[in-house]
Amino acid sequence: MRLPIKNKNHTNWNLRDDLVFLNHGSFGATPLVILDEQRKWQNLMEEDPVSFFEDILPGAMLNSRKALAKVLSCNFDDLAFVENATTGVNIILRSLKFSPGDEILVPNHAYQACRNAIDFVANRYSVKVVTCKIPFPIHSSDEIIESIMSCVTEKTRLAMIDTVTSPTGLRMPFEKLVPLLESKGVNVLLDAAHGVGIVPLNLDFLGASFTTSNCHKWLLSPKGVAFLHVRKDLQKSINPLVISHGMTSNLQGSSRFRHEFDWTGTRDYSGVCVLPFLLDYLNKIGGSLENIMNTNQKLTIYGRNLICQKLKLEKPCPDEMITSIATLKLPLKILSDTEFPNKQDPDPLHTHLLKKYNIQVPVWYWPEPEGRYIRISAQMYNNEKEYEYLADSLFELLNKG
């Protein structure tokens, strides 16, 4: 089989020409023009670091916060910039105070790093972690709502809900879950690592206590750019993981929340500074962020359905529960003589697809529902031929020997 020809948009990215990159969901990929803009900010920083950090950066961060707030439909004062969504989750969990016997709800499809943070805090405060079982395959998002709401008790203090699950690629019904949980007095921590740029977000209308999302994934920013949104009535109880000058600095008409998070130490803020330029760029090349999301969703559904047809796999969820990523449960016998070959990374199938076929796509073991899974992504640099090539490669491996 020949490698598929990349579409013309591939030239706008720094991705290897010989690589079929179907794993935007893990770490994202940033267009060259955005990297160039970031370098301009880095050069500006190094021309006079003192003037940059003291005079230029505060205004640049304010402009970035305002630009991002328009996309998120929220007050810019309620946003803080953090390094990634896992950092945002840790900030909330480490700021809140729990009592023995309190309960934290988390679906069994949660991102493991965030589940680890929950377990760490639960152990410290003698909190019970209640794991809500979500089936996979699944027939309707109503099953998710029923499972999570049935776990709520009078002791439930916090619920961590995804926008889109990382291991199983399910679009969660978070627009219904958040108000349902908050109305019962349960604070919702919305883990939107796959959030901005993959699903529409209207944070003020949604009303979640806390929301954190990566910009380096579906918004295409440089790495290390993410946000934490804290509802105004809860901001006094939330502090950054690193306490710095913001705890005692002059507020100058701003909030303590803003001051504590704006400066936690010297680091490269250039990725944050490019956000206004980035959002204008996305509107120019895609028409709108909504158009980009819709195009990526259609391409993901095409790729998922093609693989299902080629390998005779059951679709694990309806099309409306798919965004720009989709997960499928694979037959175990591809490159494996054992029951679950990939409990420890890397899975041999992932390695083989990369080394022999030049396909970068994640394959992993997931304990519940237990299985071997492959997850595809779609971004503007992808095209239909790449998913056809992946489907043909998997079919070839499945029928080898």
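Analyst: In this predicted model, the N-terminal end of helix H4 is capped by Asn-84, which places a side-chain oxygen 3.2 Å from the backbone nitrogen of Thr-86.

Turning to the cysteines, a search of the whole structure finds zero disulfides. The sulfur of Cys-74 is too far for a bond, because the closest cysteine sulfur, in Cys-215, is 11 Å away, and Cys-74 counts as buried at 11% relative accessibility. Cys-114 is likewise in no disulfide, the nearest cysteine sulfur being that of Cys-132, at 16 Å; with a relative accessibility of 1%, Cys-114 counts as buried.

The sheet is an open one of three strands, in the order S9-S12-S11 and with antiparallel pairing. Strand S9 (325–329) and strand S11 (363–367) stand at its edges, and each has a single partner strand, so one side of each is left without a neighbour in the sheet. Direction ignored, neighbouring strands of this sheet are turned by 35° against each other on average. Between S11 and strand S12 (residues 370–377), which run antiparallel, there are five bridges, and the bridge partner of Pro-367 in S12 is Glu-370.

Technical notes: Residues are numbered from 1 along each chain as its sequence is written. This is a predicted model: local features need pLDDT of at least 70, side-chain atom pairs count only at pLDDT 80 or more; totals for chains, interfaces and linings use all residues. Side-chain values use heavy atoms; hydrogens and water are left out. A disulfide is a pair of cysteine sulfur atoms within 2.5 Å. Buried means under 20% relative accessible area, exposed over 50%, partly exposed in between (1.4 Å probe, protein chains only). A polar contact is a pair of N or O atoms within 3.5 Å; within protein, one must be able to donate a hydrogen and the other to accept it, and residues adjacent in sequence count only if both atoms are side-chain atoms. Helices (H or I, at least four residues) and strands (E, at least two) are DSSP runs, numbered from the N terminus. Two strands pair if DSSP finds at least two bridges between them. Axes are lines fitted to C-alpha atoms, for helices over the stretch in contact, and angles run from 0 to 180 degrees between N-to-C directions.
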